[in-house]
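Me: Can you walk me through this structure with me? I would like to take it slowly, one topic at a time.

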Amino acid sequence: MSTETIGAEKQALQGMRKNGYEGKQWHPQRKAFRPSSGLTPYEQRSKQRVATAAMRAKEKEMKEEKEAERQQRVQAIKEKRAAKEEKERYEKIAEKMHKKRVERLKRKEKRNKLLNS
């Protein structure tokens, strides 16, 4: 019975100071520094590597999809601009052709006037 009370008392006092400041918290006891204690087994590391590789592949695929969508939008904008420029160019050509045709008709009328008078 006395060993049970000593164990409970020791457990209660583990986080306490023992130098006169009763009830004040202190740092817990530290364990020895053993860097090899946290090493993981080979199987666990290989599983983790496979998992991270799969995650990276998925991220890469998602990034590629996002970039492809962005490139598609950019391409659509470029095509729209090119079509607009082509349309303007054709309108200018049509206007020029119309002017030429009007001038030609005017010259023809003048010739006809001269012939008829």
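Me: How far apart are Glu 95 and Lys 99 in helix α2?
Reply: Glu 95 and Lys 99 are four residues apart in helix α2, so about one helical turn separates them. Helices here are DSSP runs of H or I with at least four residues, strands are E runs of at least two, and both are numbered from the N terminus.

Me: And what do the side chains of Glu 95 and Lys 99 meet in?
Reply: They meet in a salt bridge, at 3.9 Å from N to O, where the term means a side-chain nitrogen of Lys or Arg within 4 Å of a carboxyl oxygen of Asp or Glu. Lys 99 is partly exposed, with a relative accessible area of 49%; buried means under 20%, exposed means over 50%, and partly exposed is in between, using a 1.4 Å probe and protein chains only.

Me: Before I go on, what kind of model is this?
Reply: This is a predicted model, in which local features need pLDDT of at least 70 and side-chain atom pairs count only at pLDDT 80 or more, while totals for chains, interfaces and linings use all residues. Residues are numbered from 1 along each chain as its sequence is written, and side-chain values use heavy atoms, with hydrogens and water left out.

Me: Back to the pairs, how many salt bridges are there?
Reply: The count comes to three salt bridges. Another one joins Arg 70 and Glu 67 at 3.0 Å, N to O, and these two residues lie three apart in helix α2, about one turn of the helix. Arg 70 is partly exposed at 39% relative accessibility, and Glu 67 is partly exposed at 36%.

Me: Which residue does Arg 89 form a salt bridge with?
Reply: Arg 89 pairs with Glu 86, and their closest N and O atoms are 2.8 Å apart; both residues lie in helix α2, three residues apart. Arg 89 also lies over the face of Tyr 90, at 5.2 Å from the ring centre, which is counted when NZ of Lys or CZ of Arg is within 6 Å of the ring centre and within 35 degrees of the ring normal.

Me: New topic: which residues make the nonpolar surface patch?
Reply: Tyr 90, Ile 93 and Met 97 make a patch of about 320 Å². Patches take residues with over 30% relative accessible area and no salt bridge, joining like charges within 9 Å and nonpolar side chains (Val, Leu, Ile, Met, Phe, Trp, Tyr) within 5 Å. Ile 93 lies in helix α2, residues 42-116, and is partly exposed at 37%.

Me: What about the whole chain, how many helices and strands does it have?
Reply: The protein chain has two helices and zero strands, and of its 117 residues, 0% count as buried.

Notes. Accessible areas come from the Shrake-Rupley method with a 1.4 Å probe; for residues, only the protein chains shown count as cover.
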